[in-house]
Amino acid sequence: DSAGFQHVHGKRTANQAFLFRIDPLPAGRAMILVQSAIMPDWEYAFNNADYLLGGPPQVRDYTPSFHKGQLLRFRLLANATRKIDTKTRPDGTKSNGNRVPVDSDKLVDWLKAKGEKNGFNLFEDFLTIQTGFAVGYSDDDNPKRLFYARYEGRLQVTNIELLLDAVMSGIGPAKGFGFGLLSIAPMKG
């Protein structure tokens, strides 16, 4: 029963937001990382699939804080795509074109541009990128092949408010399919 389920495509706010990402672990296992503005209803989320859980969900408060110029480690699983065939209609409204994967030689530029809009600079020397395709299902139950780029590296905070918004709202499209969650952590040592 999906009555009362808040659709994941809505605008994320301080009181209504969640993002998630599935991170691979050794031996073919996976960890689901969920960032939510409210306490998730885990019983509802796994009501017919609790056998998939390796243990009870672990919950921690998360209140990110950082300062301008701070260096942070980050991880981002992004649907690094661009739109093609976008057209302006006679009435001035735009029709979105199709999304296509960003070319592999442009993946760093894609993230640098996202960083400029989201309050951080990227350190290319410490960046790793893994690409692939995932399968997701939309409302019509048709499988959808989604391109991803898993970014890990270091960033520097240039605008605190923009970066806080990016952490809360995510980066890039396809958030409902597990993309866009920007995890940040202080540099070790």
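The model is predicted: local features need pLDDT of at least 70, side-chain atom pairs count only at pLDDT 80 or more, and totals for chains, interfaces and linings use all residues. Residues are numbered from 1 along each chain as its sequence is written, and side-chain values use heavy atoms, without hydrogens or water.

Start inside. The largest nonpolar core has 24 residues. Such a core joins buried Ala, Val, Leu, Ile, Met, Phe, Trp, Tyr and Cys through side-chain atoms within 4.5 Å. Buried means under 20% relative accessible area, exposed over 50%, partly exposed in between (1.4 Å probe, protein chains only). Phe74, Leu111, Tyr151, Leu163 and Leu182 have the most contacts inside this core. At least two residues each come from β3 (71–78), α2 (107–117), β8, β9 (143–157), α3 (160–169) and β10 (182–186). β9 gives the most, with 5 residues. Helices (H or I, at least four residues) and strands (E, at least two) are DSSP runs, numbered from the N terminus.

Now take α2. Its buried residues are Leu107, Trp110, Leu111 and Gly115. They lie on the same side of α2 because they cover an arc of only 135° around the axis, taken from the directions from the helix axis to the C-beta atoms. They pack against β3, β4 (81–84), β8 and β9. The face turned away from this buried side carries exposed Glu116 and Lys117. Gly119 follows α2, with a positive phi near 85°.

Phe126 is found in strand β8 (residues 120–137). Phe126 counts as partly exposed because its relative accessibility is 43%.

Notes
Contact = heavy atoms within 4.5 Å.
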